[in-house]
Amino acid sequence: IHRHSPRAKGPFITINCGAIPENLLESELFGHVKGAFTGAVVTRPGKFQAAIGGTLFLDEIGEMPLQLQVKLLRALQEKVVYKVGDNRGETVDIRVVAATNKVLEEEVKKGTFREDLYYRLNVVTLKLPPLRERGEDVIVLGKFFLQKYAKEFGSKVKGFTPAATVAMKKYAWPGNIRELENRIKKATVLADK
């Protein structure tokens with residue numbers, strides 16, 4: 001999406017909203033000023049500022065705490081962000097792409113995801129079926145990961161046996177692409193060199 005957009009020459013910045021503790025996520029997104037909290041020894045821009053002119057990818061958006069969802073909604077609506085500890089806003093010109101493995105419509109009904117934020121983010125939706133429903137994709141992706149990890153680990157592994165290919169197609173992959181990547185990485189490490 002980023003590489004084929006008018007923003008392709010701008011930065012592509014990512015943040016995993018589920019991997020950062022709530023008390024740090026706001027600072028990571030919007031930045032902070034020196035002295036805003038213990039450990040804030042310098043003023044630092046956030047991911048929003050880093051993505052100006054480009055794309056900000058919010059991975060695992062469904063994990064974002066409700067309190068921070070309000071601030072994100074405001075930033076998206078106003079195109080202005082406020083660093084933690086600052087009352088001066090900064091205008092940001094970015095495209096936001098968000099992803100989650102949760103069904104946000106259900107999260108809205110449960111009250112764990114703000115409905116207004118859902119509609120602000122849900123301009124264009126791309127639903128990717130689980131890996132087990134994507135036919136040959138598992139093999140294509142497996143080959144990509146195999147090449148990546150063979151190079152990283154100095155392995156001479158070139159491909160999959162016919163039995164491995166059949167097993168990859170039959171397996172349900174409940175962990176989706178992350179599980180596939182992990183299994184290929186493990187197999188590359190353990191393979192005869």
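Student: What should I know before I start?

Tutor: Residues are numbered from 1 along each chain as its sequence is written, and side-chain values use heavy atoms, with hydrogens and water left out. The model is predicted, so local features need pLDDT of at least 70 and side-chain atom pairs count only at pLDDT 80 or more, while totals for chains, interfaces and linings use all residues.

Student: How many helices and strands does the protein have?

Tutor: Helices (H or I, at least four residues) and strands (E, at least two) are DSSP runs, numbered from the N terminus. Here you get 8 helices and 7 strands. The C-alpha atoms fill a box of roughly 60 × 40 × 35 Å, taken along the principal axes.

Student: What share of the residues is buried?

Tutor: Buried means under 20% relative accessible area, exposed means over 50%, and partly exposed is in between, using a 1.4 Å probe and protein chains only. In this protein, 33% of the 193 residues are buried.

Student: Now the sheet. In what order do its strands come?

Tutor: Two strands pair if DSSP finds at least two bridges between them. This open sheet has 3 strands in the order E1-E4-E7, and the pairing is parallel. Strand E1 (12-16) and strand E7 (95-98) are the edge strands, each pairing on one side only. From one strand to the next, the twist averages 20 degrees.

Student: How many bridges join E1 to E4?

Tutor: There are 5 bridges between E1 and strand E4 (residues 55-59), and the two run parallel.

Student: Which residues of E1 are on the covered face, and which on the uncovered one?

Tutor: Start with the general idea: in a regular strand the side chains alternate between the two faces of the sheet. In E1, Ile13 and Ile15 make up the covered face, while Phe12, Thr14 and Asn16 make up the uncovered one.

Student: What about the segment before E1? Is Ser5 buried or exposed there?

Tutor: Ser5 lies in that segment before E1, and Ser5 is buried, with a relative accessible area of 11%. The side chain of Ser5 also makes a polar contact with the side chain of Arg95 (3.5 Å). A polar contact is a pair of N or O atoms within 3.5 Å; within protein, one must be able to donate a hydrogen and the other to accept it, and residues adjacent in sequence count only if both atoms are side-chain atoms.

Student: Next, aromatic pairs. How many does a search of the whole structure find?

Tutor: Rings of Phe, Tyr and Trp (its six-membered ring) pair if their centres lie within 6.5 Å; planes under 30 degrees apart count as stacked, over 60 as edge-to-face and the rest as tilted. The search finds 6 aromatic pairs. In one of them, the rings of Tyr118 and Tyr119 have centres 5.0 Å apart and planes at 70 degrees, so that pair is edge-to-face. Tyr118 is buried at 11% relative accessible area, whereas Tyr119 is exposed at 53%.

Student: What kind of pair do Phe144 and Phe145 form?

Tutor: Phe144 and Phe145 are edge-to-face, at 5.4 Å centre to centre with 65 degrees between the planes. Phe144 is partly exposed, with a relative accessible area of 48%, but Phe145 counts as buried at 6%.

Student: And helix packing? At what angle do H6 and H8 pack?

Tutor: Axes are lines fitted to C-alpha atoms, for helices over the stretch in contact, and angles run from 0 to 180 degrees between N-to-C directions. Helix H6 (residues 137-153) and helix H8 (residues 176-190) pack at about 45 degrees, with their axes 9 Å apart. Angles under 35 degrees count as roughly parallel, over 145 as roughly antiparallel, 65 to 115 as roughly perpendicular and the rest as oblique. H6 and H8 are therefore oblique to each other.
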